[in-house]
Amino acid sequence: MIPDEPIGPGLGDGLPGGGARRTTRRNAPQPQYVLTEETPVYVISVAAELSGLHPQTLRQYDRLGLVCPDRTAGRGRRYSARDIQQLREVQRLSQDEGINLAGIKRIIELENQVTALQSRIAELADSLEGAATALQQREATIHASYRRDLVPYQPPTPHSSALVVWRPRR
(Lines give C-alpha, C1' and ligand atoms only; values in the text may rest on other atoms or scores of the structure.)
Protein backbone atom coordinates (compact mmCIF):
# COMPACT_ATOMS: atom_id res chain seq x y z
CA MET A 1 0.00 0.00 0.00
CA ILE A 2 1.28 3.46 -0.92
CA PRO A 3 1.38 5.85 2.02
CA ASP A 4 -0.71 9.01 1.88
CA GLU A 5 1.23 12.19 1.23
CA PRO A 6 0.00 15.65 2.16
CA ILE A 7 -0.84 17.98 -0.72
CA GLY A 8 1.06 20.84 0.82
CA PRO A 9 2.53 21.94 4.13
CA GLY A 10 0.14 23.48 6.60
CA LEU A 11 -3.06 22.86 4.66
CA GLY A 12 -5.90 22.88 7.13
CA ASP A 13 -3.90 24.72 9.79
CA GLY A 14 -5.90 27.49 11.37
CA LEU A 15 -9.25 25.94 10.47
CA PRO A 16 -11.84 25.58 13.22
CA GLY A 17 -11.29 22.32 15.04
CA GLY A 18 -7.64 22.16 14.06
CA GLY A 19 -8.48 21.02 10.52
CA ALA A 20 -7.04 17.80 9.26
CA ARG A 21 -4.66 17.89 6.32
CA ARG A 22 -6.01 16.87 2.96
CA THR A 23 -4.22 13.93 1.48
CA THR A 24 -3.97 12.21 -1.86
CA ARG A 25 -2.56 8.95 -3.09
CA ARG A 26 0.66 9.12 -5.05
CA ASN A 27 -0.51 7.23 -8.14
CA ALA A 28 -4.23 7.89 -7.85
CA PRO A 29 -5.95 8.17 -11.25
CA GLN A 30 -6.61 11.77 -12.22
CA PRO A 31 -9.83 12.71 -14.02
CA GLN A 32 -9.29 12.98 -17.77
CA TYR A 33 -11.24 16.17 -18.44
CA VAL A 34 -9.96 18.03 -21.47
CA LEU A 35 -10.74 21.73 -21.79
CA THR A 36 -11.03 22.75 -25.45
CA GLU A 37 -12.13 25.83 -27.34
CA GLU A 38 -15.57 24.21 -27.68
CA THR A 39 -16.05 23.44 -23.98
CA PRO A 40 -18.96 25.50 -22.57
CA VAL A 41 -17.66 26.94 -19.29
CA TYR A 42 -18.66 30.62 -19.04
CA VAL A 43 -21.94 31.81 -17.53
CA ILE A 44 -23.64 34.71 -19.26
CA SER A 45 -22.23 37.39 -16.96
CA VAL A 46 -18.64 36.24 -17.52
CA ALA A 47 -19.22 35.85 -21.26
CA ALA A 48 -20.66 39.38 -21.38
CA GLU A 49 -17.62 40.76 -19.58
CA LEU A 50 -15.16 38.86 -21.79
CA SER A 51 -16.89 39.93 -24.99
CA GLY A 52 -17.47 43.51 -23.89
CA LEU A 53 -21.23 43.26 -24.41
CA HIS A 54 -24.23 43.58 -22.11
CA PRO A 55 -25.83 40.29 -20.96
CA GLN A 56 -29.12 41.37 -22.55
CA THR A 57 -27.31 41.70 -25.88
CA LEU A 58 -26.07 38.12 -25.51
CA ARG A 59 -29.64 36.97 -24.85
CA GLN A 60 -30.82 38.85 -27.96
CA TYR A 61 -28.08 37.29 -30.11
CA ASP A 62 -29.11 33.87 -28.77
CA ARG A 63 -32.78 34.50 -29.65
CA LEU A 64 -31.77 35.58 -33.18
CA GLY A 65 -29.52 32.54 -33.59
CA LEU A 66 -26.32 34.54 -34.08
CA VAL A 67 -24.50 32.84 -31.21
CA CYS A 68 -26.05 29.69 -29.76
CA PRO A 69 -24.48 28.73 -26.41
CA ASP A 70 -24.96 25.32 -24.83
CA ARG A 71 -27.55 24.92 -22.09
CA THR A 72 -27.33 23.38 -18.66
CA ALA A 73 -29.98 21.03 -17.28
CA GLY A 74 -31.64 24.09 -15.71
CA ARG A 75 -31.64 25.85 -19.14
CA GLY A 76 -28.86 28.30 -18.16
CA ARG A 77 -26.57 29.45 -20.94
CA ARG A 78 -22.94 28.27 -21.00
CA TYR A 79 -20.57 29.94 -23.45
CA SER A 80 -17.34 28.48 -24.82
CA ALA A 81 -14.20 30.34 -25.84
CA ARG A 82 -15.34 29.92 -29.46
CA ASP A 83 -18.69 31.53 -28.59
CA ILE A 84 -16.85 34.49 -27.05
CA GLN A 85 -14.82 34.91 -30.27
CA GLN A 86 -18.01 34.76 -32.31
CA LEU A 87 -19.65 37.39 -30.08
CA ARG A 88 -16.69 39.69 -30.67
CA GLU A 89 -16.91 39.08 -34.43
CA VAL A 90 -20.66 39.86 -34.44
CA GLN A 91 -19.95 43.08 -32.55
CA ARG A 92 -17.13 44.01 -34.96
CA LEU A 93 -19.29 43.39 -38.03
CA SER A 94 -22.13 45.39 -36.53
CA GLN A 95 -20.13 48.34 -35.20
CA ASP A 96 -17.17 48.63 -37.59
CA GLU A 97 -18.66 47.35 -40.85
CA GLY A 98 -22.23 48.61 -40.33
CA ILE A 99 -23.83 45.26 -41.20
CA ASN A 100 -27.29 44.64 -39.75
CA LEU A 101 -28.00 41.54 -37.64
CA ALA A 102 -29.83 39.73 -40.46
CA GLY A 103 -26.78 40.21 -42.68
CA ILE A 104 -24.47 39.02 -39.92
CA LYS A 105 -26.63 35.92 -39.45
CA ARG A 106 -26.37 35.16 -43.18
CA ILE A 107 -22.58 35.68 -43.10
CA ILE A 108 -22.28 33.25 -40.18
CA GLU A 109 -24.45 30.69 -41.98
CA LEU A 110 -22.32 30.95 -45.11
CA GLU A 111 -19.08 30.67 -43.11
CA ASN A 112 -20.44 27.55 -41.39
CA GLN A 113 -21.42 26.13 -44.77
CA VAL A 114 -17.94 26.79 -46.17
CA THR A 115 -16.37 25.09 -43.13
CA ALA A 116 -18.65 22.07 -43.54
CA LEU A 117 -17.86 21.83 -47.25
CA GLN A 118 -14.12 22.09 -46.62
CA SER A 119 -14.43 19.31 -44.08
CA ARG A 120 -16.36 17.20 -46.59
CA ILE A 121 -13.72 17.85 -49.27
CA ALA A 122 -11.01 16.69 -46.86
CA GLU A 123 -13.02 13.52 -46.10
CA LEU A 124 -13.50 12.80 -49.81
CA ALA A 125 -9.82 13.44 -50.55
CA ASP A 126 -8.83 11.00 -47.80
CA SER A 127 -11.30 8.46 -49.15
CA LEU A 128 -9.99 8.92 -52.69
CA GLU A 129 -6.41 8.53 -51.52
CA GLY A 130 -7.32 5.31 -49.70
CA ALA A 131 -9.12 3.95 -52.77
CA ALA A 132 -6.15 4.81 -55.01
CA THR A 133 -3.76 3.04 -52.63
CA ALA A 134 -6.01 -0.03 -52.54
CA LEU A 135 -6.21 -0.03 -56.35
CA GLN A 136 -2.43 0.20 -56.68
CA GLN A 137 -2.03 -2.72 -54.26
CA ARG A 138 -4.54 -4.83 -56.19
CA GLU A 139 -2.82 -3.94 -59.46
CA ALA A 140 0.58 -4.90 -58.03
CA THR A 141 -0.88 -8.21 -56.82
CA ILE A 142 -2.28 -8.96 -60.28
CA HIS A 143 0.99 -8.06 -62.01
CA ALA A 144 2.89 -10.27 -59.59
CA SER A 145 0.65 -13.20 -60.53
CA TYR A 146 1.49 -13.02 -64.26
CA ARG A 147 3.19 -16.08 -65.72
CA ARG A 148 6.63 -15.11 -66.91
CA ASP A 149 6.97 -17.93 -69.45
CA LEU A 150 4.29 -16.53 -71.74
CA VAL A 151 5.24 -14.34 -74.66
CA PRO A 152 2.83 -11.61 -75.67
CA TYR A 153 1.21 -12.16 -79.07
CA GLN A 154 2.14 -9.72 -81.78
CA PRO A 155 -0.01 -9.89 -84.90
CA PRO A 156 1.93 -10.15 -88.15
CA THR A 157 2.39 -6.99 -90.14
CA PRO A 158 0.78 -7.05 -93.61
CA HIS A 159 4.11 -6.71 -95.50
CA SER A 160 6.01 -9.33 -93.54
CA SER A 161 6.36 -12.95 -94.46
CA ALA A 162 8.77 -13.82 -91.69
CA LEU A 163 8.38 -16.98 -89.71
CA VAL A 164 9.19 -16.90 -85.99
CA VAL A 165 10.14 -20.14 -84.31
CA TRP A 166 10.03 -20.38 -80.58
CA ARG A 167 12.02 -22.98 -78.73
CA PRO A 168 11.39 -23.40 -75.01
CA ARG A 169 14.36 -23.50 -72.68
CA ARG A 170 15.20 -26.81 -71.06
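A residue counts as buried when its relative accessible area is under 20%. Keep that cut-off in mind as we look around this predicted model, starting with one serine.

Is Ser51 buried or exposed? Its relative accessible area is 11%, so Ser51 is buried. You'll find Ser51 in helix α1, which covers residues 44-51. A polar atom of the Ser51 side chain sits 3.3 Å from the backbone oxygen of Ala48. Leaving aside residues up to four places away in sequence, Ser51 touches Leu58, Ile84, Leu87 and Arg88.

Now zoom out to the whole of α1. Its buried residues are Ile44, Ala47, Ala48 and Ser51. Why do they end up on the same side of α1? They cover an arc of only 100° around the axis, and that puts them on the same side of the helix. There's a handy rule behind this kind of pattern: an α-helix has 3.6 residues a turn, so residues three or four places apart point the same way.

Helix α2 (residues 55-64) has its own buried set: Leu58, Tyr61 and Asp62. These also cover an arc of only 100° around the axis, so they lie on the same side of α2.

What do these buried residues pack against? For α1, the partners are α2, β4 and α3. For α2, they are α1, β3 (70-71), β4 (77-78), α3 (81-95) and α4 (101-144).

Have a look just past the end of each helix, too. A glycine with a positive phi turns up in both places, as the table shows.

| Helix | Residue just after it | Phi |
|---|---|---|
| α1 | Gly52 | about 80° |
| α2 | Gly65 | about 85° |

**The largest pocket**

How do you find a gap in a model like this? Rolling a probe the size of a water molecule over the atoms shows where empty space is left.

Here, the largest pocket has a volume of about 190 Å³. Its lining is made up of 15 residues, and those nearest the centre are Glu38, Cys68, Arg82, Asp83 and Gln86. The elements giving two or more residues to that lining are α3 and α4. Which element gives the largest share? That's α3, with three residues.

As for the kinds of residue around this pocket, the lining has six nonpolar, four polar and five charged ones.

Key. Residues are numbered from 1 along each chain as its sequence is written. This is a predicted model: local features need pLDDT of at least 70, side-chain atom pairs count only at pLDDT 80 or more; totals for chains, interfaces and linings use all residues. Side-chain values use heavy atoms; hydrogens and water are left out. Helices (H or I, at least four residues) and strands (E, at least two) are DSSP runs, numbered from the N terminus. Buried means under 20% relative accessible area, exposed over 50%, partly exposed in between (1.4 Å probe, protein chains only). A polar contact is a pair of N or O atoms within 3.5 Å; within protein, one must be able to donate a hydrogen and the other to accept it, and residues adjacent in sequence count only if both atoms are side-chain atoms. Contact means heavy atoms within 4.5 Å. The arc is that of the directions from the helix axis to the C-beta atoms. On a 1 Å grid over the protein atoms alone, a cavity is a set of points where a 1.4 Å probe fits but cannot get out, and a pocket is an open set with protein on both sides within 12 Å along at least five of seven lines; lining residues have an atom within 4 Å of a point. Grid points are joined across faces, edges and corners, and a volume is the space filled by probe spheres set on the points. Ala, Val, Leu, Ile, Met, Phe, Trp, Tyr, Cys and Pro count as nonpolar, Asp, Glu, Lys and Arg as charged, and the others, Gly among them, as polar.
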